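Subject: Structure handover

Hello,

Here is the structure you are taking over. My notes on it follow below.

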Amino acid sequence: MTADPSTRPAARQDPATLITVAPTGAESEKSAVPALPVTLDELVTTAKECREAGASIIHVHIRDAGARPTLDIGRLTDTVHALREATDLIVQLSTGGAVTDSFDARLAVLDAGPDGCSLTCGTVNFGDDVFMNPWPFMCELYVRTQERGVVPEFELFDLGHVAALHRLLDKFGPPHGGHVHCDLVMGVPGGMAGNAATLVQAVSALPDGATWSATGVGRTSLPVMFAALAAGGHLRVGMEDTITFSRGRPVASNAELVARAAALAELAQRPAMVPEQARVLLGIADRGR
Ligand code: KMH
Ligand code: ZN
């Protein structure tokens with residue numbers, strides 16, 4: 001029996017699942033979360049383990065010698081080279097940084113020559129802080145990605161960010177590589193809720209042909225992961241977003257979060273894709289290793 005066309009999903013369904021790992025972030029402190037990778041050695045080891053476990057993109061925030069968040073361009077450049085040397089992962093640098101970072105420092109991240117970067121589509125309350133992404137900053141960053149040949153991933157923390165994404169694409173045209181890929185960051189205190197109903201609403205508003213992943217911060221991690229798989233999306237996991245594996249049990253490593261995501265993707269009959277497949281999906285050229 002064939003399915004009734006009216007029940008077929010409108011959303012694009014990729015036969016495999018792109019898994020992004022976001023191993024570090026800017027918010028957790030090493031002293032509170034000892035398993036957090038903060039040195040270059042720890043990051044490279046994490047990257048290799050996560051690649052083995054099923055990740056194809058690494059979303060990178062780095063730390064300084066005191067394990068504090070930094071956007072130091074020398075360290076970022078060394079990090080891009082080291083990750084390329086050690087793995088075939090797609091290297092995506094955060095342009096969000098920490099809430100205290102200046103716009104100029106966030107724009108300069110592209111100078112480190114990553115494959116991709118995050119581009120958040122609007123300001124959002126972020127716990128007790130504010131993550132600032134005013135329209136002129138978004139525009140400047142987007143145009144620079146087009147000029148530098150860096151593929152942006154549009155980070156959407158709120159439904160209003162989806163509207164801002166449409167506005168950006170209408171004004172400046174498609175991104176480098178020609179394909180729009182978004183990441184729904186859900187469950188941030190101040191952003192959109194991390195649940196299935198909100199995910200479906202956000203996905204239905206995305207540009208035609210866009211692909212998307214989703215991540216739920218904190219305890220929204222699992223509900224968002226199940227909802228994303230059910231809706232045909234991709235997954236982002238990692239200690240940037242989740243430091244508790246299950247009730248009362250801290251995450252032991254980023255790789256175990258990737259392994260859990262890959263196992264769920266396998267169960268959903270959309271197994272984890274390898275970086276080569278992800279590059280084709282996202283229009284990201286292999287810059288050589
Ligand atoms: N650390 C947050 C303030 C991104 O990487 O682009 C911003 C963030 C988003 O993590
Ligand atoms: Zn980030």
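The crossing of helices α1 and α2 is right-handed. Please keep in mind throughout that this is a predicted model.

Helix packing

Helix α1 covers residues 40–53 and helix α2 covers residues 73–86. Their axes lie 10 Å apart, and the two helices pack at an angle of about 35°. On the α1 side, the residues in contact are L40, L43, V44, A47 and K48. They meet D78, T79, A82, L83 and A86 of α2. Sorted by class, this contact has seven nonpolar residues, one polar residue and two charged residues.

Zinc site

Which residues give the protein donors of the zinc ion (ligand 2)? They are H59 and H61, each through NE2, and E240 through OE, and these donors lie 2.1 Å from the zinc ion. The spacing of the donor residues along the sequence is H-x1-H-x178-E.

E155

Residue E155 sits in strand β9, which runs over residues 151–156. With a relative accessibility of 4%, E155 counts as buried. Leaving aside residues up to four places away in sequence, E155 touches H59, Q92, S118, L119, T120, C121, H161, D183, V185 and R236. H59 in that list is also one of the zinc donor residues, and C121 comes up again in the cysteine notes below.

Cysteines

How many disulfides does the structure hold? The count is zero. C117 is in no disulfide, and the nearest cysteine sulfur to it belongs to C121, at 11 Å. For C182, also in no disulfide, the nearest cysteine sulfur is again that of C121, at 7.2 Å. C117 has 0% relative accessibility and counts as buried. C182 likewise counts as buried, at 0% relative accessibility.

Regards

Technical notes:
Residues are numbered from 1 along each chain as its sequence is written. Chains are lettered from A and ligands numbered from 1 in the order in which they are written. This is a predicted model: local features need pLDDT of at least 70, side-chain atom pairs count only at pLDDT 80 or more; totals for chains, interfaces and linings use all residues. Side-chain values use heavy atoms; hydrogens and water are left out. Donors are N, O and S atoms within 2.8 Å of the metal (3.2 Å for Na, K and Ca); water is not among the atoms, so sites may look incomplete. Axes are lines fitted to C-alpha atoms, for helices over the stretch in contact, and angles run from 0 to 180 degrees between N-to-C directions. Helices (H or I, at least four residues) and strands (E, at least two) are DSSP runs, numbered from the N terminus. A crossing is left-handed if the near helix is turned anticlockwise from the far one by less than a right angle, and right-handed if clockwise. Contact means heavy atoms within 4.5 Å. Ala, Val, Leu, Ile, Met, Phe, Trp, Tyr, Cys and Pro count as nonpolar, Asp, Glu, Lys and Arg as charged, and the others, Gly among them, as polar. A disulfide is a pair of cysteine sulfur atoms within 2.5 Å. Buried means under 20% relative accessible area, exposed over 50%, partly exposed in between (1.4 Å probe, protein chains only).
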